[in-house]
Structure formats: C-alpha cells, structure tokens
Amino acid sequence: MRTTPNLATELKTVQPRKAVLEMPEYHPPLAGRDALRLDFNENTFAPSPKVMERLRAVTGEELTKYPEREPVERLVAKHLGLRTEQVLLTNGVDEAIHLICATFLDADDEALISTPTFFMYDVNIKMMTPHLRKVQADATLEFPFERFMAAITERTKLIIIASPNNPTGAVVRREHLLAIAAAAPHAVMMVDEAYYHFHGESTMKDLATVPNLIVARTFSKAYGLANLRVGMLAGNAELLKFVRKTGSPYNVNGIALACLPAAIADDEYIAWYTEQVRVGRERMMNGLRKLGVPFFFSHANFVLMNIGPKHKALVETMHTRGVLLRDRSTDPGCDGFVRITIGLEEHVTRGLDALEASLQEIGWSPTV
C-alpha cells in the first residue's frame with residue numbers, strides 16, 4: 001500500500017548564502033536612549049532652522065510621490081563644485097558602503113581596511129568576499145601607512161579608509177591617501193569623510209586626477225539629519241555609473257530630499273555648529289588631562305578614552321547620571337576604551353561634570 005509522504009517532516013530549512021552565514025552582525029545599542037546622547041557621534045542639538053521650516057512645509061501630496069533624487073544631486077554637486085554625474089545620494093553612508101561592496105567585489109577579490117575602524121566596512125565586505133585583509137594599528141592608534149601599503153596585492157579590489165577615523169579620531173594625511181590610491185590603480189579606494197566638517201581636510205578636490213578614488217560623506221553628523229538617512233558618494237562618473245546601476249532608484253526618501261537643499265544652503269549654521277564642536281573638543285581633552293584620563297587626540301566630534309578594566313562600570317554609572325557613552329572595548333586594540341561625543345557647550349559641560357562624578361563613584365584612578 002502506498003503511503004503519502006509527510007512533506008512537513010521532509011522539508012529542509014532554507015539557508016542563505018554561505019557568506020551571509022559567516023558575516024559578522026552589527027547590533028548598535030540603540031534602545032533606551034532617553035538621556036544626553038554622547039554615544040553615537042550625532043549632532044546633539046538640531047539641524048539648521050531652515051531644515052525645520054522646510055519640514056513643516058511638507059504637504060500631504062508630497063508624501064504620495066516617489067522621491068526624485070537627481071534634482072537634489074544636481075544641487076549637492078554644485079555645492080561641492082562637481083558635475084551631477086559625479087554625485088550619488090544614498091540612504092546614509094551605510095548604504096553607500098553596501099553599494100560599493102556589491103558593485104566592485106567578487107568572491108575571489110581582496111578588500112583592505114585598517115583596524116580599529118567603522119564596523120560596517122567589515123559587515124559589508126564579508127557579505128561579498130571572505131578575503132578581507134585588516135591592518136591593525138599599533139598602540140598609538142595612528143594610521144599604519146607603511147604596513148598598509150605593504151598589504152596591497154594584485155588581488156586587492158577595494159580599499160576603504162576613514163579620515164577622520166571612527167572610533168579613534170585619527171586622520172590620514174592627504175599625501176598618504178593619494179599614495180595608496182596610486183599604489184593600487186586596479187582597486188577602488190573609498191575615503192570615508194563622515195567627520196570631514198570637524199577636521200576640514202578632504203580629498204574631494206583630487207577626484208579630477210585620481211580615477212579610482214571615491215569619497216563618501218554623510219549628512220548625519222554636522223548637518224544633524226541622522227534620522228532622515230542621507231549620505232553621498234562622489235567620484236569618477238564612470239565608477240559611479242556602475243554603483244548607480246547597483247542601487248535602487250528610490251533609495252533616498254522624499255522628506256530627506258526635501259530637507260537636504262535647505263541644510264547645505266545654511267553655511268552659517270554649519271560654521272556655528274562645527275565651531276561649537278571644535279571648542280568643546282578642546283575643553284573635553286583639557287578636562288580629561290586634569291582628571292588624569294588617558295585619551296587619543298581627536299580630529300572628529302568625539303574623543304576616545306582609555307578607562308581600563310572599569311570601562312563598563314563607567315558607562316553604566318554615566319547612564320544613571322543621564323549621560324550616554326559608547327563602550328568600544330570590543331574593537332580591535334581597544335580593550336577598556338570608551339568614546340564620548342562632543343556637542344554643544346552645555347552638553348560638554350554636563351558630560352565633563354558627570355564624568356568627574358562617575359569616575360569618583362566607581363573608584364577609578366589613572367593607575368586602576
């Protein structure tokens with residue numbers, strides 16, 4: 001007698017690609033951020049008042065339309081002195097990284113980064129290839145230029161460098177970036193300038209003469225548009241043509257596109273906010289010196305501190321005092337390190353006051 005097969009027991013569980021199974025996961029601690037946000041390097045205040053005016057003027061009809069990215073790309077390109085085809089707006093720099101990896105990396109290709117750095121490079125590269133090469137910085141956490149150059153091979157297809165770097169705050173000299181691009185003409189080199197506004201040096205003007213260079217920028221930091229998720233890639237139009245092909249035509253939402261022109265037009269606001277950060281960064285580093293807390297000199301809107309074994313206790317105690325910090329101890333070479341974001345003057349004051357009290361409460365000293 002024939003029996004009916006039990007399909008429920010014979011079905012196999014669907015599995016993703018092997019690369020997806022093996023890629024690392026990123027779990028940002030975003031829950032319960034009901035305190036002073038000195039943990040995620042965001043603008044700690046607000047975007048330009050002109051952005052808020054535009055946001056209030058959004059109509060119901062605007063919400064019914066598919067977003068048009070190209071007109072805003074034209075404005076951003078003009079603002080940067082580039083041609084429209086040299087600019088691609090993205091859903092934050094996170095998507096920009098994903099698109100670069102998906103466009104240029106085959107499974108046999110190598111990608112090269114220096115660590116510690118932004119973890120999303122690792123995630124997106126590993127999604128495409130297992131051949132990720134990492135050059136670890138030494139105890140200074142400065143960019144390891146000579147060893148990085150030595151790590152370039154004929155299989156290197158993608159190089160990603162952040163300057164200023166997250167979480168260290170260190171920068172890579174322009175001449176070093178250009179030397180790396182020249183040493184790997186067969187590879188795309190993406191320079192992540194997410195924290196450009198707090199440092200001021202850029203490779204954007206080198207795009208005309210360096211064909212394998214792509215620059216990433218975000219509007220989440222100085223511009224204060226983190227919630228709207230808008231970033232950009234700028235570079236060789238031929239390279240960006242392929243990246244544009246990889247991405248979705250509606251990747252940036254219409255509210256972000258409506259607000260972005262107002263944000264980039266308000267130079268006065270950006271100058272004011274970045275000066276707040278510059279002065280606040282000096283105050284924070286001087287305050288850490290007085291407290292005896294070791295730190296790494298920063299060119300960004302944050303400072304990385306070496307707290308040691310009591311890093312977790314400090315983060316928890318600061319939270320009870322209404323201030324959020326980011327524990328970076330799991331980053332390569334960062335055991336015991338904690339990062340604090342720099343924002344408005346009053347936020348720096350609150351951060352320093354809470355830090356001094358918290359260090360005392362947990363019994364921290366420079367030798368502990």
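## The nonpolar cores

Within the largest nonpolar core, which has 80 residues, Phe219 and Leu325 touch the most other members. A nonpolar core here is a set of buried Ala, Val, Leu, Ile, Met, Phe, Trp, Tyr and Cys residues joined through side-chain atoms within 4.5 Å; buried means under 20% relative accessible area, with a 1.4 Å probe and protein chains only. A second, separate core has 30 residues, among them Val123 and Met190.

This is a predicted model: local features need pLDDT of at least 70, side-chain atom pairs count only at pLDDT 80 or more, and totals for chains, interfaces and linings use all residues. Residues are numbered from 1 along each chain as its sequence is written, and side-chain values use heavy atoms, leaving out hydrogens and water.

## Aromatic rings

There are 10 aromatic pairs, counted when rings of Phe, Tyr and Trp (its six-membered ring) have centres within 6.5 Å; planes under 30 degrees apart are stacked, over 60 edge-to-face and the rest tilted. Phe118 and Tyr121 are edge-to-face because their planes meet at 90°, with ring centres 5.6 Å apart. Tyr269 and Tyr273, by contrast, are stacked, with 15° between the planes and 6.2 Å centre to centre.

Tyr269 is buried at 7% relative accessibility, and Tyr273 is buried at 0%. Ring pairs also link these two tyrosines with Phe45 and Trp272 in a cluster.

## Lining of the largest pocket

The lining of the largest pocket holds 24 nonpolar, nine polar and 10 charged residues. Ala, Val, Leu, Ile, Met, Phe, Trp, Tyr, Cys and Pro count as nonpolar, Asp, Glu, Lys and Arg as charged, and the others, Gly among them, as polar.

Technical notes
Buried < 20%, exposed > 50% of the residue type's maximum accessible area, 1.4 Å probe, protein only.
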